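Subject: Structure handover

Hello,

Below is the structure I said I would pass on.

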Amino acid sequence: MGLIAWIKDKFTNNMDENSPAFRREMAARLHNRSIKYCSERQGDTDIVVGRAGSITVRDDEILILSSFQVVFRGKVEETSMSELMSLEGVIFSGPDYDRGGEERTVIAYYTYYRK
């Protein structure tokens with residue numbers, strides 16, 4: 001990557017969402033984020049799978065902890081992460097290693113803190 005492309009990526013935040021660098025940066029931003037609840041997308045419906053928890057990054061894994069259990073555990077570089085348009089949560093898609101590598105989509109909704 002040339003210097004101009006690097007500067008453009010840094011200042012316009014146009015990194016490829018599928019790149020390992022973007023996924024590591026996104027995971028670092030989400031680390032220790034409190035969540036109000038999380039849901040799993042199954043077909044056209046979202047089913048609530050946990051309430052009150054957090055998003056944690058350990059070594060090279062991202063974990064969603066909710067209702068005193070691990071709801072999702074995936075490798076940072078294999079998990080697609082994208083924030084909701086409302087910026088009230090984040091969508092995780094990828095293999096869940098607590099369920100034998102099953103492909104899952106989990107949505108975590110942030111706890112609202114007034115700044």
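Start with Tyr37, which is partly exposed, with a relative accessible area of 24%. Buried here means under 20% relative accessible area, exposed means over 50%, and partly exposed lies in between (1.4 Å probe, protein chains only). Tyr109 has a relative accessible area of 18%, so Tyr109 counts as buried.

Some notes on the source. This is a predicted model, in which local features need pLDDT of at least 70 and side-chain atom pairs count only at pLDDT 80 or more, while totals for chains, interfaces and linings use all residues. Residues are numbered from 1 along each chain as its sequence is written, and side-chain values use heavy atoms, with hydrogens and water left out.

Back to the two tyrosines. A search of the whole structure gives two aromatic pairs. The ring centres of Tyr37 and Tyr109 are 4.6 Å apart and the planes meet at 25°, so this pair is stacked. Rings of Phe, Tyr and Trp (its six-membered ring) pair if their centres lie within 6.5 Å; planes under 30 degrees apart are stacked, over 60 edge-to-face, and the rest tilted. Tyr37 is in strand β1 and Tyr109 in strand β7, 72 residues apart, and the pair links these distant parts of the chain.

Two arginines sit over rings. The charged end of Arg51 is over the ring of Tyr37, 5.8 Å from its centre. Arg33 lies over the face of Tyr110, at 3.8 Å from the ring centre. The criterion is NZ of Lys or CZ of Arg within 6 Å of the ring centre and within 35 degrees of the ring normal.

Now the fold. The chain has two helices and seven strands, in the order α-α-β-β-β-β-β-β-β from the N terminus. Helices (H or I, at least four residues) and strands (E, at least two) are DSSP runs, numbered from the N terminus. Of the 115 residues, 35% count as buried.

Which residues have the most contacts inside the largest nonpolar core? They are Leu30, Ile55, Ile64, Met81, Val90 and Phe92, in a core of 18 residues. Such a core is a set of buried Ala, Val, Leu, Ile, Met, Phe, Trp, Tyr and Cys residues joined through side-chain atoms within 4.5 Å. At least two core residues come from each of α2 (20-30), β1 (33-42), β3 (61-66), β4 (69-75), β6 (89-96) and β7 (102-110). The largest share, four residues, is supplied by α2.

In α2, the buried residues are Phe22, Arg23, Met26, Ala27 and Leu30. They cover an arc of only 130° around the axis, so they are on the same side of α2; the arc is taken from the directions from the helix axis to the C-beta atoms. These buried residues pack against β1, β2 (45-58), β3, β5 (80-83), β6 and β7. After α2 comes Asn32, with a positive phi near 65°.

Leaving aside neighbours within four places in sequence, Phe92 is in contact (heavy atoms within 4.5 Å) with residues including Leu30, Ile55, Ile64, Met81 and Val106.

Last, Asp46, in strand β2, is partly exposed at 36% relative accessible area. Not counting residues up to four places away in sequence, Asp46 touches Ser39, Glu40, Arg41, Ile107 and Tyr109. Asp46 and Ile107 are 61 residues apart in sequence and 8.6 Å apart in space, C-alpha to C-alpha.

Regards
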